[in-house]
Amino acid sequence: MEGKQVLKRKPMFAAAGVLLMLAALAFMGQMNTEAQTANVSVVEIASVKSQVGSFNSGVASILTPVYTTDSAQTQNIQAVSEESGYELVMVNVSNTLNVREEPAEDALVVGKMYKDCGGVVLERKDGWTKLQSGNLTGWAKDEYLLFGDEATALASEVGYPVAVVMTNALRVRAEASVEAEVLGYAAQNEELTVVGETDEDWLCVEYGSSLGYILREYVSEEYEVDNGETYDDITEREMKEAADKKKLVTYYGSMSASDYERLLLAALIYCEAGGESYEGKLAVGAVVCNRVRSSGYPNTLQGVIYASGQFTPAKSGRLDQVMVSGNIPQSCYNAAEEALGGYTNVGSAVRFRTNNGTIEGVVIGNHVFY
């Protein structure tokens with residue numbers, strides 16, 4: 001989802017996952033061992049500094065008092081706090097929520113918010129709330145929103161933790177010790193994804209392609225949740241998605257297959273993606289055919305499909321049962337024919353799994369292909 005904002009509160013990590021408000025400032029001084037202002041060149045800091053916290057960064061954090069975005073393309077905002085008067089609001093819908101220009105059901109729809117999106121309250125009036133979520137500002141009915149403790153609890157449940165560096169340059173170490181090797185430096189306002197807490201002093205974070213450790217006293221600990229989208233955001237995202245998908249559409253040479261093999265592929269598509277769209281069914285068939293073409297897999301459909309540990313329906317026996325029953329929708333046969341004909345809508349992807357947001361790839365329905 002494109003376009004997000006940052007709202008700040010400082011939570012402590014707890015088993016219950018509830019956000020607790022804390023006031024924290026990272027001070028630098030002569031005894032400062034991990035946060036340093038000297039001995040780090042401007043070039044070093046610039047090389048690691050990332051622009052974070054803008055409305056376009058993709059997420060909203062729920063943290064402490066006042067926050068100003070670095071991006072010149074966005075406006076300054078104050079964070080959610082008792083002092084600022086702003087209040088966290090979370091969407092309480094199973095799918096999407098229309099956000100309108102005015103507090104009326106017949107008012108112009110200016111954008112949409114989705115399940116688990118959050119924002120800040122700007123105004124409340126007659127059962128409606130004017131909110132800001134990323135680039136989106138407008139009115140939504142209170143019956144579809146959560147406020148107060150309910151909003152905070154949902155944000156802590158669906159958000160993910162990050163650490164924003166509050167000092168000039170912070171050492172990222174290979175282990176949770178001031179004696180450990182320094183992997184590099186995180187610049188002020190740089191945002192690091194938190195993997196977990198080692199103890200009350202150290203956080204484990206993603207650092208490049210590896211894990212690193214930072215002293216938590218020099219960071220603001222935040223949770224991030226998704227924002228809504230304006231119609232301009234939606235149009236831009238959909239155009240980009242269409243362009244990306246177009247790049248993935250490829251025609252390989254057709255693959256000869258017996259009637260049995262066509263039935264086998266159609267049955268597997270039904271077992272793996274029977275409830276998915278036609279595009280999702282085709283993607284599964286394309287993955288199987290991509291494997292046959294790849295030197296890293298068997299060079300026959302049977303070899304690929306029945307390879308040990310690859311496709312659960314083949315291992316469990318469900319695939320054979322479906323083939324015997326013949327109860328396979330025509331859409332699965334059509335997808336198998338297209339895939340065997342050399343068509344792929346997932347490029348050269350040779351794997352797929354249920355999408356849980358942890359793997360980069362082409363998301364189609366409930367699966368990610370990579």
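Where is the place of Glu217? Glu217 sits in the loop between strand 16 (210-215) and strand 17 (219-225). Strands (E, at least two residues) and helices (H or I, at least four) are DSSP runs, numbered from the N terminus.

Before the views, a word on the model. This is a predicted model, in which local features need pLDDT of at least 70 and side-chain atom pairs count only at pLDDT 80 or more, while totals for chains, interfaces and linings use all residues. Residues are numbered from 1 along each chain as its sequence is written, and side-chain values use heavy atoms, with hydrogens and water left out.

**View 1. Asp199, Glu200, Asp201 and Glu217 form a negative surface patch.** Patch residues have over 30% relative accessible area and no salt bridge, and like charges are joined within 9 Å. Asp and Glu count as negative here, and the charge is placed at CG of Asp or CD of Glu. Accessible areas come from the Shrake-Rupley method with a 1.4 Å probe.

**View 2. Glu105, Lys141 and Glu143 are linked in a network of salt bridges.** A salt bridge is a side-chain nitrogen of Lys or Arg within 4 Å of a carboxyl oxygen of Asp or Glu. Between Glu105 and Lys141, the closest N and O atoms are 2.8 Å apart. This pair links distant parts of the chain, 36 residues apart: Glu105 is in the loop between strand 5 (96-100) and strand 6, and Lys141 is in strand 9 (residues 136-141). Lys141 also meets Glu143, at 3.2 Å from N to O. Glu105 counts as exposed because its relative accessible area is 53%; the cut-offs are under 20% for buried, over 50% for exposed, and partly exposed in between (1.4 Å probe, protein chains only).

**View 3. The side chain of Glu229 makes a polar contact with the side chain of Tyr114 (2.6 Å).** A polar contact is a pair of N or O atoms within 3.5 Å; within protein, one must be able to donate a hydrogen and the other to accept it, and residues adjacent in sequence count only if both atoms are side-chain atoms. Glu229 lies in strand 18 (residues 229-230). Glu229 counts as buried because its relative accessibility is 0%.

**View 4. Asp116 has a positive phi of about 75 degrees, although it is not a glycine.** Most residues other than glycine have a negative phi. Look for Asp116 in the loop between strand 6 (109-114) and strand 7 (118-125). Asn189 likewise has a positive phi of about 75 degrees, and lies in the loop between strand 13 (182-187) and strand 14 (191-197).

Note on methods:
Patch = residues over 30% accessible without salt bridge, like charges linked within 9 Å, V, L, I, M, F, W, Y side chains within 5 Å.
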